[in-house]
Structure formats: C-alpha cells, structure tokens
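Subject: Structure handover

Hi,

Here is the structure for your files. My notes on it follow below.

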Amino acid sequence: KCCTMSNNSKQKNSVYMMMALLLITKVLGFLKLRIIAQLFGATHELDIFWAAFTIPDTLFMIIVAGSLNAAIIPLLASVLHKEGERKLNEFFTNLMIVISSIIVFIAVLLFIFAPQLTSFLIRSDVSQSILNFSSRITQEDFKLFVDLTRIMMISPVLLGISTIVTGYLQTRREFFITSLAPLMYNLAMVVGPIIFVVGFKMGVKGVAICAVLGSFLHFAVQIPTLRKYFKEKV
C-alpha cells in the first residue's frame, strides 16, 4: 500500500508539474507577442517579418506538425510493444535520418531559391492573399524579405528533428522534458528580442535569430534524456 501511495503521489506531482509548465509556456507565448509588438509597433518592417515567417512556418506545419505528430507516437509505440527497446532505437534512428534528410533537402531548396520565391510573391496578389500577409510586400522589401526567410529556414529543420525526438521520448513516457521543450522556445522568443533588438540594434533580423535560437533550445533540452536511452544496454 505504501508503494502504491508513493507512486500515486509521484504521478500527481508529475501531472501538476506538467500543468505548471504548460501554463508558463502559454504565458511566455503571450509575452513574446507583446514584446515584439512593443519593440516594433504597427510598422511595415514587422509586417515583412511575419510575412517571411509564414514560409518556414508553413513548411513545418505541412511536413512536420501535420503528418509526424499524428503518426509518429503510435508508430513508435507499436514498435516498442511488438519488438522491444533495441528495435525501437534502430527504427527511431532510421526514421530520424529519413525525415531529417527530407526536411533539410526542402529547406535547402527554399533557401537557394528564396529570391525567386520572393519575386513571385511580390508579383502575385493571389499568393499574398492566400498567405494572408497583413500588408503589401513590394520590391523595396525584397532584400529584407529574402534575408529573413533564409535565416528562419533553419528553424523548421531544427523543430522537425526535435519533433521526432519528442515523439520518441513521449513513447518512453518522458513527458516532463517534452513539456519543457516548447517552454524553452518561448523563453528564447521573450528574452532574445531584448538582447538582439534592444541591445545589438539588429531590428527584425534579431527576432528571426531568436526564432532559430528558440528552435535550437527546443531540440537541445531533450538531448540529454535521449542520450540516456541510447547509452543503456537493451
């Protein structure tokens, strides 16, 4: 009975901790928007940032969030249940290589052809309407739009890889660390603009760098726990 009560207590504490992390993550998500809005206001420069952000964000939502999140955890759980931990690690490694290669390949193509893509968006009223740009992107915005797109194209690569790691760790019931990952992303987006925009006077490029930094932290915070399972003898 004592062991059962102890386990129940630990489970409750874990649930409360995850609820607290989720709340903090939501608060930080609100703060990041407030901070960015206060730093730039309703400026055209900020409109260009959100417009450029749309392209890598769409890549992430279609390839990663739209497909992997729905399939990866049941798939990994099935492998673990039927074939054991060693096969799970092998399957995860192969999956990581394949998905990462696809994401990197598409991101590199978009990085290389960012000027051509930008020219198309500038000329096309339909594309700007579909992507829901808040204001018209013109030829004067060309260089900044390309630069921001190329910087932020790193973000979906890191988040895509991190999402696969999240699926693996959740299959291993490591819910605390996977809840910590989005918190780290939002934390970078809250603190980063103060450093890069206010401190280093980098403008919206500083916010783009923060998005990449947040994506890296989202991935990096999960690595120690991931390594633990690959060091174990299974």
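K143 is exposed, because its relative accessibility is 57%. The cut-offs: buried is under 20% relative accessible area, exposed is over 50%, and partly exposed is in between (1.4 Å probe, protein chains only). K143 forms a salt bridge with D147, with 2.9 Å between the closest N and O atoms. By salt bridge I mean a side-chain nitrogen of Lys or Arg within 4 Å of a carboxyl oxygen of Asp or Glu. Both residues lie in helix α6 (residues 142-152), 4 residues apart, or about one turn of the helix. Helices (H or I, at least four residues) and strands (E, at least two) are DSSP runs, numbered from the N terminus.

Before the rest, the ground rules. This is a predicted model: local features need pLDDT of at least 70, side-chain atom pairs count only at pLDDT 80 or more, and totals for chains, interfaces and linings use all residues. Residues are numbered from 1 along each chain as its sequence is written, and side-chain values use heavy atoms, with hydrogens and water left out.

**Salt bridges**

D147 also forms a salt bridge with K205, where the closest N and O atoms are 3.2 Å apart. This pair links distant parts of the chain: D147 is in helix α6 and K205 in helix α9, 58 residues apart. K205 is partly exposed, because its relative accessible area is 29%. Together, K143, D147 and K205 are linked in a network of salt bridges.

E174 forms a salt bridge with K228 at 3.1 Å between the closest N and O atoms. That pair also links distant parts of the chain: E174 sits in the loop between α7 and α8, K228 in helix α10 (residues 223-231), 54 residues apart. K228 is partly exposed, since its relative accessible area is 37%. The whole structure holds 5 salt bridges.

**Fold**

How many helices and strands does the protein have? There are 10 helices and 0 strands. Along the sequence the pattern reads α-α-α-α-α-α-α-α-α-α. The protein has 234 residues, and 43% of them count as buried.

**Aromatic pairs**

The search of the whole structure finds 8 aromatic pairs. F49 and W50 form one that is edge-to-face, at 5.0 Å centre to centre and 70° between the planes. Rings of Phe, Tyr and Trp (its six-membered ring) pair if their centres lie within 6.5 Å; planes under 30 degrees apart count as stacked, over 60 as edge-to-face and the rest as tilted. F49 is buried, because its relative accessibility is 1%. W50 is partly exposed, because its relative accessibility is 32%.

The ring centres of F196 and F200 are 6.1 Å apart and the planes are at 35°, so this pair is tilted. F200 counts as exposed, because its relative accessibility is 55%. Elsewhere, ring pairs link F92, Y168, Y229 and F230 into a cluster.

There is also a charge over a ring. The charged end of R150 sits over the ring of F111, 4.9 Å from the ring centre. The test is NZ of Lys or CZ of Arg within 6 Å of the ring centre and within 35 degrees of the ring normal.

**Largest pocket**

The volume of the largest pocket is about 570 Å³. Its lining has 27 residues; T25, K32, P182, Y185 and N186 lie nearest the centre. The elements that give two or more residues to this lining are α1 (2-40), α2 (44-83), α7 (154-171), α8 (175-199) and α9 (204-220). α1 gives the most, with 10 residues. The lining divides into 19 nonpolar, 5 polar and 3 charged residues.

For the method: on a 1 Å grid over the protein atoms alone, a pocket is an open set of points where a 1.4 Å probe fits, with protein on both sides within 12 Å along at least five of seven lines; lining residues have an atom within 4 Å of a point. Grid points are joined across faces, edges and corners, and a volume is the space filled by probe spheres set on the points. Ala, Val, Leu, Ile, Met, Phe, Trp, Tyr, Cys and Pro count as nonpolar, Asp, Glu, Lys and Arg as charged, and the others, Gly among them, as polar.

**Two single residues**

Q222 is in the loop between α9 and α10. Q222 is buried, because its relative accessibility is 0%. Q222 and I177 are 45 residues apart in sequence and 6.3 Å apart in space, C-alpha to C-alpha.

T93 is in helix α3 (residues 85-112). T93 is partly exposed, because its relative accessibility is 35%.

Best wishes
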